[in-house]
Amino acid sequence: MDNPERSGRLLHAAIVLAVTAALTTGSVVLVKQLTTTRIAANEALARQQRIAQILAAHPYDNVPGDDRIAVTDGLLGRTRQPVHRARRGGEPVASVIQVTTGEGYSGSIVLLVGVDLQGKVLAVRTLRHRETPGLGDAIEIAKHDWITRFEGASLAAPGDGWSVRRDGGRFDQLTGATVTSRAVVGAVHNALLYFDRHGERIFRDSLRFSPNTSPATAPEPK
Amino acid sequence: MHSAKSIFGAGLWRNNPGLVQLLGLCPLLAVTSTLVNGLGLGLATLLTLLVSNALVSASRGWLRPEIRIPVFVLIIASTVTAIELIMNAWFYGLYKVLGIFVPLIVTNCTIVARAEMFASRQPLAWAILDGLAMGIGFTLVLVVLGAVRELLGQGTLFVGAALLFGTTAQHWTISFSNDYPGFLLALLPPGAFFAFALLVAARNWLDNAFTERRTAPVADAGP
């Protein structure tokens with residue numbers, strides 16, 4: 001009956017909704033703009049700090065966080081993983097291989113595994129994980145020293161012992177977090193297997209500025 | 001009609017969003033494995049409630065009943081997204097701990113409930129006060145639940161305080177025993193339900209005790 005009035009109300013409601021949508025979306029875009037560089041810098045910084053810890057005893061003069069290649073290999077994870085290269089005077093020092101495993105207790109565990117030129121583990125650090133607080137999160141160096149037990153290990157030593165004790169291996173499992181421990185031991189082992197098979201390719205200079213590296217390279221803060 | 005006292009009384013005790021309205025339990029139960037985690041999510045929720053209540057109240061003049069829910073959803077979703085981005089940029093350590101739970105604030109019915117039941121009908125000042133009171137009430141529940149679970153689960157308090165308060169808080173962690181065996185159940189989701197149920201029961205028991213004391217003289221006034 002009051003068609004003009006009714007459509008007027010509807011129009012009003014539609015305009016209010018449209019204006020709200022525009023304003024709210026606009027403010028999210030604005031905040032996103034303001035935070036993007038800082039967020040990327042935070043993530044890059046966290047990665048650099050872990051790489052620096054791994055390479056603490058091995059002097060290098062490049063920026064391994066930026067000197068990286070991106071590789072796709074089933075041993076390292078389902079998606080493309082960065083491999084960082086530490087050099088001194090242009091000569092290779094060590095590589096830091098990122099390996100992602102889905103074998104953990106909850107979500108994927110992302111590890112950085114430092115490997116010297118002979119294929120020996122320098123150190124391992126967690127980059128991201130969602131293991132149970134109080135149990136599986138002991139794989140973080142901040143919570144427990146368990147992750148240091150890989151230092152000095154290689155494919156040859158402990159050889160057949162690359163599993164947790166419960167499975168007959170040489171690595172203690174974390175109490176209450178056998179699944180997590182098993183996943184980390186397996187992931188570090190896989191990183192070493194990758195290095196054994198493809199290690200000589202990591203430092204090939206042709207890869208230094210390969211276009212493949214760009215997607216994985218985070219923007220640097222000025 | 002309202003007073004600051006009645007609004008705070010409702011938010012903290014009479015109509016506490018966690019213990020009485022039983023709203024927002026999904027993030028509440030998921031995150032409270034430690035005191036600091038609980039406090040972090042509580043503060044993020046508090047901030048969201050303040051901003052969303054203020055925006056909803058400020059726009060109530062030109063809000064139409066037909067579209068109020070979509071407008072609330074837009075306001076709340078964009079507020080949470082902005083808070084998540086800001087946390088990621090300026091409180092990265094905390095973000096790494098709470099990051100996956102922050103988007104859950106969108107699903108926290110407390111926020112849309114306060115928008116619908118209170119903020120969209122009240123002047124700005126009362127709406128902000130209500131957001132503050134409900135936010136503090138929710139944060140207190142998260143902190144108490146986090147403290148109980150952390151204490152039972154790993155025998156500590158304030159683990160990870162440095163994530164929230166900076167490096168000066170590194171020594172805040174209290175460890176009550178060096179060889180506490182840990183109580184896994186308290187840290188896992190079922191433990192959250194048990195601890196929360198006990199908390200609700202304790203609140204109801206206290207509430208009954210207060211009410212009885214208040215009404216007791218009246219009963220005694222008889223012959």
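Colleague: Is B:Tyr92 buried, exposed or partly exposed, and why?

Modeller: Bearing in mind that this is a predicted model, B:Tyr92 counts as partly exposed because it has 18 C-beta neighbours inside 10 Å, while a residue needs 20 or more to be called buried.

Colleague: And which helix does B:Tyr92 lie in?

Modeller: B:Tyr92 belongs to helix H5 of chain B, which covers residues 92-98. Although B:Leu164 is 72 residues away along the chain, the C-alpha atoms of B:Tyr92 and B:Leu164 are separated by 9.6 Å.

Colleague: Switching to the inside, which residues touch the most other members of the largest nonpolar core?

Modeller: That core has 50 residues, and the ones touching the most other members are B:Val36, B:Leu39, B:Val56, B:Ile75 and B:Leu142. Its largest share, 11 residues, is supplied by helix H3 of chain B, residues 35-58. There is also a second, separate core of 44 residues, whose members include A:Leu76, A:Ile139, A:Val164 and A:Ala187.

Colleague: Now chain A, please. In what order do the strands of the open sheet come?

Modeller: The 5 strands of chain A follow the order S1-S2-S3-S4-S5, with antiparallel pairing. S1 (68-71) and S5 of chain A each have a single partner strand, so they stand at the edges and one side of each is left without a neighbour in the sheet. On average, and ignoring direction, neighbouring strands are turned by 20° against each other.

Colleague: What packs on that sheet?

Modeller: Helix H2 of chain A, residues 178-202, packs on the sheet and touches S1, S2, S3, S4 and S5 of chain A, its direction making about 45° with that of S4(A). Helix H1 of chain A, residues 3-54, lies across S2 (81-88), S3 (91-101), S4 and S5 of chain A, and runs at about 160° to S5(A).

Colleague: How many bridges join S4 and S5 of chain A?

Modeller: S4 (residues 109-116) and S5 (residues 121-128) of chain A pair in the antiparallel sense over 6 bridges, and A:Val110 has A:Arg128 in S5(A) as its bridge partner. The hairpin they form has 4 residues between the strands, and there A:Gly119 takes a positive phi near 85°.

Colleague: Where in chain A is the pLDDT below 50?

Modeller: The mean for chain A is 86, with 90% of its residues reaching 70 or more, but over residues 208-222 of chain A the pLDDT is below 50, even though this stretch has 21 contacts in the model beyond near neighbours in sequence. Where pLDDT is low, the predicted coordinates should not be read in detail.

Methods: Residues numbered from 1 in each chain as written. Chains lettered and ligands numbered in written order. Predicted model: local features only at pLDDT ≥ 70, side-chain atom pairs only at ≥ 80, totals over all residues. Pairing = 2+ DSSP bridges. Helix = DSSP H or I, 4+ residues; strand = E, 2+ residues; numbered from the N terminus. Core = buried A, V, L, I, M, F, W, Y, C linked by C-beta atoms within 7 Å. Buried ≥ 20, exposed ≤ 12 C-beta atoms within 10 Å, placed from the backbone. pLDDT = per-residue confidence, 0-100. Contact = placed C-beta atoms within 7 Å. Axes fitted to C-alpha atoms, helices over the stretch in contact; angles between N-to-C directions.
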